[in-house]
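Colleague: I am new to this model and would like to go through it part by part. Please show it first.

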Amino acid sequence: MTTAVSGVGALAAPARRVGKLHREGLAAYLFLSPALLFFCVFLILPFIFAIVLAFSDWGGFDLSTLKWAGFSNFGDVLSFDGTFVKPILVNTLLFAFGSVFLATFGSVLVAYCIDRLSFQGFWRVLYFLPVVATVVAIGNVWKMMYQPAGLINAVLNKLGVNSVGFLSDSSYALPSVTVVHAWASIGGAVLILTAGLKAIPEMYYEAAEVDGANSWHMFWSITLPLLRPALLFVLITQFIGGLQSFALIIVMTGDGGPVNATNVAAFEMYQRAFKFGAWGTASAMAMVLFVIILAITLLQLWIARRRGEETS
Amino acid sequence: MRISKGLRLAVVAGLLASAAACGGSGDSGGGSGSGGKVELTLLSHYSDGPSKDGLDKMIAQWNKDNPKIQVKAQVVKFDDLLTTMTVRQTGGRGADIVSAYGLWGGQLMKANVVAKVPDDIATKIKAEYSPAALGAVTTGDTLLGYPTELNTYVLFYNKKILAAAGITKPPTTWAELADDAKKTVKRDAKGNIQVEGLSLIQDGDNKSVHPFLSLLDSAGGKFLGADGTPQFDNDQGKAALKFEGDLAAAKASNTSISPTKQFRSGGVAMALQAGWWIGSLKTQMKDKYASDVGVTAIPGPTPGSKGSLAYGFFMGVNQRSKHADEAWKFLTWMNEHKASGGDVTETGKWLADQGLIPPRTADQAEYKKSLSDPNLAPIYDAATYAMAEPNQPGAYEAKTGLHNAIMTVLADGKNPDDALAQAAKAVKPQ
């Protein structure tokens, strides 16, 4: 009997533990339910709806007017006769790659310099200020500076150079906006990179110094390799931000002009959906952009992992 | 099974949070209050200045006289109007009465936003409003609502700049217009424009299209056919765009100059602009307005020819409104009752006070009798011959494509024929 009771007790103890774990799991899910519901309502459902819209013809407003369109929206969007592939998608990639290159190069330089200066907090705040300022303010200030009678042209005129239509000439408009986007992004990247620099043990530099390495060697052989995880994070986030960005373009060129020179995918989606009521093509564009972002991000991660690095 | 206190707390918290996340009223537009009182909502872009004051005054008068049908104005900036309508209508919160730009009419109709105008009201509107006003708010054969704002395009010129260049009268043909633009343009040694000869853009959406369509009209051309097919890729369209391209190539016109900012300070000699601009110029230039600003019809390619574009707004009733009858009752009163002590309607007065053309023929005739400003006469005249801006579904997209084509000519020097052919190819009739 004792053996039987103890056997039952031995069986009952794990069962109780399982029951307790089950209850705790249930409680955990219940506590998580507001966040899960939020995630579902504001992320999963809109994403599913966007996929449905990408295969539909819908003018907005009334869901009863939604019609199945098959792949025709993708056909329109990816047609080489249209404007989405060229110039819009090309502009988007140039804008994203250009701003990532400039912002990353600039932020590494700035972070490296700040790491060697006194009053580092002050410098970090200074470079972070554009991140705090609104895009509208930044865009308008730069727009004024780019004007034919603005500060930059005044300087060029003093140097004997004729005025440049930074935002009105289709050859200069995209690079001009890209520079501003990169400038406005540097602050956030500097913050991450300075944290990355602080994490590099000082002993590596001391050992290199003993071996007679100069500053350039130390930067190239110690700083840059050990900064790669932070750099990877900066690259990925900046690139995704660059591909999705359009607020600055609306402020600076208004309509993605001149002649679509600054029109990017996110802005075109907004125009198609909210101006022309073409929600199907807008959603198809969103899907194409989603696939591009996913592919490039996976590529970046794959390259990084081959070198044995993670972002976290 | 016993449920622990913590688990019960979690269940309650989860349910409360879920309920809060899913909460919200499902009202669409106005509602019925106590005692059968109806509250109508009116969404418009009349958000400040005399436009808001005038509309608020009319609504206050109606609300006082009709305690059972109360109207509540909801306003947003024009730039946010279509987006606001889209979001609110999709969310079941569309206003009972919507004020919209005629160009959007086709897509609003296609998406079942605006209700059909009742036959008796439509008959009256068609009989009593000017053809330009009706054209700007009619899609196919379907009238979208009561025409409200009506604007026509004319040639604004700076009398002093023209006189200083030895020009004694405003241009009456394209050749004279081009000559005058080239005579008045001024640039400094660094190439910066001091005075632009002729501005071919206006502020706002698709800024190059309205001036181009005015020139196209003056040459006898059209933008879109009734079925939405492109009509501008022909001799008239090519001539109009070549005219613009030649001026840009001669550097007499430059798209980086904003006429609404620089005309008032003498930075622009001539500009193709809408009539509403008069009100702004009067405010900005004060005493200089009368001495410096002249307005004339947009000349055509041959002597005696002229052209203009008319665009308009309308007020219609939301198809989802639960109080459509009451909404039409209010709109009928708003558009038909006379202003106190006058021969014009209150709405006509409200619009004329803003420098706009009243769309009702009788109001126009009454105002034309006693125009205090001679510059208004060409604007009113244009309402009789202007091309109404097409507004079928797809027109907005076609207009944007045309804008891009025009800009390739004005900003990049592209061949006008190629640009128009590309724009025409991109038009998709719906």
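**Chain A and chain B, by question**

Modeller: From its UniProt record, an unreviewed entry, chain A has "transmembrane region" listed for residues 26-55, 88-113, 125-142, 172-193, 230-252 and 276-303. UniProt positions are given in the numbering used here, feature names are shortened, and annotations may be inferred rather than shown by experiment. This is a predicted model, in which local features need pLDDT of at least 70, side-chain atom pairs count only at pLDDT 80 or more, and totals for chains, interfaces and linings use all residues. Residues are numbered from 1 along each chain as its sequence is written, and chains are lettered from A and ligands numbered from 1 in the order in which they are written.

Colleague: How far apart are the end C-alpha atoms of residues 276-303 of chain A?

Modeller: Helices (H or I, at least four residues) and strands (E, at least two) are DSSP runs, numbered from the N terminus. Residues 88-113 of chain A are 100% helix and 0% strand, with end C-alpha atoms 37 Å apart. Residues 276-303 of chain A are 89% helix and 0% strand, and their end C-alpha atoms are separated by 40 Å.

Colleague: What share of residues 89-300 of chain A is helix?

Modeller: UniProt, in an unreviewed entry, lists residues 89-300 of chain A as "domain: ABC transmembrane type-1". The end C-alpha atoms of residues 89-300 of chain A are 20 Å apart.

Colleague: What distance separates the centres of domain 1 of chain A and domain 2 of chain A?

Modeller: Domain bounds come from an automatic or database domain assignment. For chain A it gives domain 1 as 2-45 and domain 2 as 72-306. Taken over C-alpha atoms, the two centres are separated by 46 Å.

Colleague: Which element gives the largest share of the side of chain A that touches chain B?

Modeller: Two residues are in contact if their C-beta atoms, placed from the backbone, lie within 7 Å. The contact takes 30 residues from chain A and 31 residues from chain B. On the side of chain A, the elements that give two or more residues are α1 (2-54) and α12 (265-275) of chain A. The largest share, nine residues, is from α1(A).

Colleague: Where is A:Pro87 placed?

Modeller: The peptide bond from A:Lys86 to A:Pro87 is cis, with omega near 15°. A:Pro87 itself falls in helix α3 (residues 84-114) of chain A.

Colleague: Is A:Asn260 buried or exposed?

Modeller: Phi of A:Asn260 is near 65°, a positive value in a residue other than glycine. A:Asn260 sits in the loop between α11 (247-253) and α12 of chain A. A residue is buried if 20 or more other C-beta atoms lie within 10 Å of its own, exposed if 12 or fewer, and partly exposed in between, with C-beta atoms placed from the backbone. Because A:Asn260 has 24 other C-beta atoms within 10 Å, it is buried.

Colleague: And is B:Lys286 buried or exposed?

Modeller: B:Lys286 also has a positive phi in a residue other than glycine, near 50°. B:Lys286 lies in the loop between α12 (277-285) and α13 (287-292) of chain B. With 10 other C-beta atoms within 10 Å, B:Lys286 is exposed.

Colleague: What percentage of the residues in chain B is buried?

Modeller: Chain B has 19 helices and 14 strands. Its C-alpha atoms fill a box of roughly 95 × 60 × 40 Å, taken along the principal axes. Of the 430 residues in chain B, the buried ones make up 51%.

Colleague: Which residue in β2(B) stands opposite B:Ser44?

Modeller: Two strands pair if DSSP finds at least two bridges between them. Strand β1 (residues 38-44) and strand β2 (residues 69-75) of chain B run parallel and are joined by seven bridges. Across from B:Ser44 in this pair is B:Val75.

Colleague: Which element of chain B gives the largest share of the side of domain 1 that touches domain 2?

Modeller: Chain B is divided into domain 1 (34-150 + 311-379) and domain 2 (152-310 + 388-426), and 29 Å separate their centres, taken over C-alpha atoms. The contact takes 23 residues from domain 1 of chain B and 23 residues from domain 2 of chain B. On the domain 1 side, α4 (105-110), α6 (131-136), β13 (309-317) and α17 (376-385) of chain B each supply at least two residues. The largest share, four residues, comes from α4(B).
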